[in-house]
Amino acid sequence: MARRLHPRLTQAFAKTLLWALTGLTLLILIFIIVNISIKGLPQVTLSFLSQDPTDMGRHGGIFSTIVSTVYITLLAIALASPLGVGTAIYLTEYTREGWATRIIRFGAECLAGVPSIILGLFGFVLFVMKLGFGWSILSGGLTLAIMILPIIIRTAEEAIKAVPQDYRQVCYSLGMSQWQTITRIVLPSALPGITTGIMLSVGRSLGETAVLLFTAGAALRAPTSLFDSGRTMAVHFYILAREGISMPNAYGTAAILMVSILLINLAAYSLMQRLLRRYS
Amino acid sequence: MDKGKFVERVFFLLALSSISSLVIITIFIFEEGLPLILHTGLKDFIFSTHWAPTKGYFGIGAMIVSSILVTLGAMVLGVPLGLACAIVLAEFSSERLRRLLKPTLELLAGIPSVVYGFLGVIWLVPLIRDHLGGPGLSLLAAAVILGIMILPTVISISIDALTAVPDVYRDGSIALGATEWQTVRRVVLPAASSGIITAIILGMGRAVGETMAVIMVAGNALKIPSSILDPVRTLTSNIALELGYAAGRHREALFATGIVLFIIIMILNFSATIITRRR
């Protein structure tokens, strides 16, 4: 009969294995970041950023794709922020937990789980076809707004909940109305957290491809109106890489995308940490 | 109506935005895709593996099988790796290390899926082709890339589940003479099991729904794979590959593919919500 291993020995074995797997995960992350940065960042020059792509992206820079990305992202944020923050205010300030909050939370959770290709299908049929917006900044921005709505709701709710209850009680004791309390005290105190949600949404938007390929299209010219098609950086990178148009330009675009997303996420994270620390 | 009541109504309407978006999405996807399923017959649509949309054959059986296999493969890699990270961070690492490592690992979530796909094509696909054989673009490549992509989901939800286990459980177990590892395995993990299952289910949802990375590394061939080195086409890639030029019945068939995907995702989300709520 095999002897049972000593518990301490099993523990040493288990711990070593778990730490090794954690190390492996970190190595994968480091590999991704270092690989893209080393191959990509040298491509990124001022002219790469400021020139339009020529010859399908084989030459030139990525300026027009930056313009499209900024327009679509701004539109999505402008649409989703009031909806998301409004939802968070309703959930935290106006109701007790009940069937209404449960339905609203359930909706936000499910929406967060809807894969981007489904959102792409939806945006394509509703905005591009039925409403006749075509492949455009408008269709892309509207669909993207739906995608980021759950992120904004979740972070805004967390931020508003972190504002101490005492603040509100002081407001009421001074005779302020609920509206005044929310706009003058609660929202300003929660602002860093709300900003965090918006920054995370910008990060998501920058990297999104499946949604935009079918709603904003892939036109390389910089858009001049809401109804123009526009190719975002992520879509541009996908086309460059998949069709093997230009590896250096693909790496350059990927590096800019990745570095900006990581920096935005990092800033968002530290902002939220600071907010949580202040109120706990 | 006084002003306070009016403001409350406005916020209530804003709060309905997410659930109404969900309802509208559902309606539109079904409206576009359902006619084709009814026309082809649900059985033929789901079980037939003959997909030749220009000739009127709409069977997505092979893609359903591929999606399931790719997802299972991703879980085989992603769950042990993710769970290991979560256990180390929540149970074995110092407070300072955790505060450094947790956000670092969460950075993985920010890397766009096209970047994962790109690196898969550049590094992983040649590696598989040269050392294991086959075309390289394969079920295995897709599973590995997806396994990495679901890590942030699995890690962050599992960590939350583990840290939610009260410390008295650990203290009690240690006081009885158990080692740290015995405590984790016999006390903490069972106590956190519902949260960990939720993490795994949500990771599955991410894997099933991922599109761009899969298109780039899976090879997109239209048949049921006979080995993990065969190229496969998933439900998501089928939609994304053909939506650009599909028209008429063909386009309806892509929306019908979307319905199947949507139902799979909703079942996963529902189960995650139910398990979380039971806790």
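User: How do the residues of the lining of the largest cavity divide into nonpolar, polar and charged?
Analyst: That lining has five nonpolar, four polar and one charged residue. Here Ala, Val, Leu, Ile, Met, Phe, Trp, Tyr, Cys and Pro count as nonpolar, Asp, Glu, Lys and Arg as charged, and the others, Gly among them, as polar. On a 1 Å grid over the protein atoms alone, a cavity is a set of points where a 1.4 Å probe fits but cannot get out, and lining residues have an atom within 4 Å of a point.

User: Good to know. Is this an experimental or a predicted model?
Analyst: This is a predicted model, where local features need pLDDT of at least 70, side-chain atom pairs count only at pLDDT 80 or more, and totals for chains, interfaces and linings use all residues. Residues are numbered from 1 along each chain as its sequence is written, chains are lettered from A and ligands numbered from 1 in the order in which they are written, and side-chain values use heavy atoms, with hydrogens and water left out.

User: Back to that cavity. How much space lies in it?
Analyst: The largest cavity holds about 30 Å³, where a volume is the space filled by probe spheres set on the grid points, which are joined across faces, edges and corners. The count of cavities of 30 Å³ or more is one.

User: Which residues line the largest cavity?
Analyst: Among them are B:Ser67, B:Leu146, B:Glu210 and B:Thr236. Helix 4 (61–92) and helix 11 (193–209) of chain B each supply at least two lining residues, and helix 4 of chain B gives the most, with three. Helices (H or I, at least four residues) and strands (E, at least two) are DSSP runs, numbered from the N terminus.

User: New topic: how many residues does each chain bring to the contact?
Analyst: Chain A and chain B bring 74 residues each, with contact meaning heavy atoms within 4.5 Å.

User: And what area do they bury?
Analyst: About 6,800 Å² lies buried between chain B and chain A, 82% of it on carbon and sulfur atoms. In chain B, the residues that lose the most area to chain A are B:Phe11, B:Leu107 and B:Phe118, together 9% of what that side buries. Buried area is the accessible area (1.4 Å probe) that two parts lose on being put together, summed over both.

User: How many salt bridges are there between the chains?
Analyst: Two between chain B and chain A, where a salt bridge is a side-chain nitrogen of Lys or Arg within 4 Å of a carboxyl oxygen of Asp or Glu. A:Lys15 and B:Glu180 form a salt bridge through their side chains (3.0 Å, N to O). Helix 14 (residues 248–278) of chain B gives the largest share of the side of chain B that touches chain A, twelve residues. By class, that side has 50 nonpolar, 16 polar and eight charged residues.

User: Last one: what is the secondary structure of chain A?
Analyst: Chain A has eleven helices and two strands. From the N terminus on, its elements run α-α-β-β-α-α-α-α-α-α-α-α-α. The C-alpha trace of chain A spans about 70 × 65 × 35 Å along its principal axes.

How values were computed:
On a 1 Å grid over the protein atoms alone, a cavity is a set of points where a 1.4 Å probe fits but cannot get out, and a pocket is an open set with protein on both sides within 12 Å along at least five of seven lines; lining residues have an atom within 4 Å of a point.
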